[in-house]
Amino acid sequence: MSFPDICNGKETEVAYAKDNKPHLASTVVQEKEYYTSANDESTPPNCDVTQRFDEKGAQDIVVGVPDRSIMASEQSFSANINGFDPTSAFSGISARLSRQFWSAGDYEVRQAHGLAYQDGQNRLCVHPKFLHSNATSHKWAFGAIAELLDNAVDEIQNGAAFVIIDKIANPRNGNPALLIQDDGGGMDPESLRRCMSFGFSDKQPCSSIGQYGNGFKTSTMRLGADVIVFTRSKHEMELTQSVGLLSYTFLRRTGCNDIVVPLVDYRFDPSSDVFKRLFRHGQKQFSSNLSMLLKWSPFATEDELLKHFNDMGNHGTKIIVYNLWFNDEGKMELDFESDTEDIMISGAPKPVQTNSISKMLTQNHIANRLHFSLRAYSTILYLHLPKFFKIILRGRVIEHHRIASDLRYCECIKYMPQVGGRTEAEVITTIGFLEGAPEVNVHGFNIYHRNRLILPFCQVVNSTGSKGRGIAGVLEANFIKPTHDKQSFEKSTLYQKLESRLREMTYEYWECHCHLVGYTKNFSCIARAPNAALHPLPPSGCSVGPVVVNPRAPQVPRHNPSILSATVQVVTGLCAASCSTQGEYMHNCSASSATGLIEKRRGEIIAGFERSKRQALSCEKEAGIVKKFRRQNKFGNDVGQRRAQILAMMQENKKIHAECLHYEKMQKELSLKAQKLRVEVERVQKLYANLTVELLSMANVKLENYKCI
């Protein structure tokens, strides 16, 4: 990546084969002729940009154009700059630039004719195709706009009071362009060059949202093919303004093998009270950069370029993204027409007219609208914003929305994540039911990082069932790192632990509070006794089945009435078995010994029968208790709901009563103040009357003295 105006007199050198030199020399003349005809009188001609050959015949390109093919391709461009069409094909340059973002990077990379080096060392080149591949980290256009808003919010510490997002028209073709402007500290010439480069960031990680030094490039290239930046700054008592252009169209059309960024700077001259050109590395460098800016930007003259500083004040930054991308359906990805006070995503689903309250509340909830409406997304994008800072979207201020204010029956839960026995942080999570629950089918946690929303309504529980429905939460997790597009978090161990803990919070909160919004509270099943021991009767030929001999009857599980009938069947079997057993023993045994044995067995059978009878009665009694418990539980839920409604009404009553007391107090204060003012007015009127009388008396004295004279 190179800036044509900061070569420090040691411009990029490109070595070519000897058979290419004659063609190269003729190309230089054609290049001069092209720029002379392409620019009007107000534009410094590019003939100031010279192509020099050293004693060995190697070319030295002042403008930073990396190879011969760029200059050769320039002669095929139309000389009518104002009529330039970025989508038209150019012979021998490159394939047509696709207007769909996801296919804009599909083109064949040409091989460079030589190796670029500077100061005797090889220089790492960044191919223009990297601009597109780097921007694919943003899967969502609003995520790219949020990156640019982050830069404006970071400028609050430098005095920023507003950021404007709006649509303007491209002067060249009238197509929509995206404007983002703030009144922050701006950038001096060096800061602008770092902003246009990759990986440079002057921001402090503890006080700023941005930290990677890559957001400006990824976000602007995700929204459109080209961006122009105007910035003004006062640094070390010096007021400067700069213009920079990052143009994917320019780099593709000229066949560049390196990213070239033309920039121009101006310095304020107090003696003449105007901004004058700042020649950082000579007038030729400035002229070549200005030529490229006027050729590839939406502005054809330097005066049009500088007009954009008129509404900037002494500091600020203005970003204009043009040649906006289209979606796969051939429509512009950003929709400016559906709502004149909003920016929508093209193809947003239209509200469905329905009689279902649940569907209506769900589709109108901010959790669904934020995916298609920039205004809805921006209202919750930041956890806190100073009252004086305004985000103005298409002429209307965005009202900051606190999700925690939408929650009912709130609870604050402290979470202290640990790694290796060491506590990483303390996180306070606010959790509750959303307004409209249980009808609204929305749930999830809004996870912020350093005041910036990363995951809106992140679902941590299964959404198919009713458990967890309507529960939402808010937390700021500064102990985990977001991904580069700031739309998710790195899947680290800490994040996985946080996700598991949020799931547990949801289930715990549901178990304790679901009855407050109309769900039936799930009570634990009645504790069951140990399994009853089964003991067979001693006689080997007995047809009686096993009999329950555990003296403690087993508890009846809920929703299992078959146990009662099974017990009755056991009792019936015992009665039938007693007869057959008695007959069998009387037939096989002698009368003397059989009588006692039969009586003994009969006693055992009767004892078993009595125990089974007691078990059956116990089961019936427990079944009745369960039914009674269910009725009481249902009644308790109704009472709980009415109690919650009464408490809510009492709280609302207290709130209204407090407001009435406040207004009464204000009325008394105003009445007292009015009375004091009336007294003061009367005193002033009396003073005025006295002064008037005194003035008249003095006038009479003067008149009498005059007559005497």
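Student: Where does UniProt place the feature "coiled-coil region"?
Tutor: The unreviewed UniProt entry places that feature at residues 667-694; UniProt positions are given in the numbering used here, feature names are shortened, and annotations may be inferred rather than shown by experiment. This is a predicted model, in which local features need pLDDT of at least 70 and side-chain atom pairs count only at pLDDT 80 or more, while totals for chains, interfaces and linings use all residues. Residues are numbered from 1 along each chain as its sequence is written, and side-chain values use heavy atoms, with hydrogens and water left out.

Student: What makes up the span of residues 667-694, helix or strand?
Tutor: Helices (H or I, at least four residues) and strands (E, at least two) are DSSP runs, numbered from the N terminus. By that definition the span 667-694 is 100% helix and 0% strand, and its end C-alpha atoms lie 40 Å apart.

Student: Why is helix α6 called mostly covered?
Tutor: Buried means under 20% relative accessible area, exposed over 50%, and partly exposed in between (1.4 Å probe, protein chains only). Because 9 of the 9 residues of α6 (residues 215-223) fall in the buried class, the helix is described as mostly covered. Among them are Phe216, Met221 and Leu223, and also Lys217 and Arg222.

Student: How do you know that strands β8 and β12 pair, and in which sense?
Tutor: Two strands pair if DSSP finds at least two bridges between them. Strand β8 (residues 224-235) and strand β12 (residues 316-324) share 8 bridges in the antiparallel sense, and therefore meet the definition. Valine 227 stands opposite valine 321 in β12. Helix α6 packs on this sheet, touching β7 (176-182), β8, β9 and β12, where contact means heavy atoms within 4.5 Å. The direction of α6 makes about 140° with that of β8; axes are lines fitted to C-alpha atoms, for helices over the stretch in contact, and angles run from 0 to 180 degrees between N-to-C directions.

Student: Why are β17 and β22 said to stand at the edges?
Tutor: The open sheet of 5 strands has the order β17-β20-β23-β21-β22, with mixed pairing. β17 (407-415) and β22 (452-458) each have a single partner strand, so one side of each is left without a neighbour in the sheet. The twist averages 15° from one strand to the next.

Student: What joins β21 to β23?
Tutor: Strand β21 (residues 444-449) and strand β23 (residues 471-476) run parallel and are joined by 5 bridges, with isoleucine 447 opposite leucine 475 in β23.
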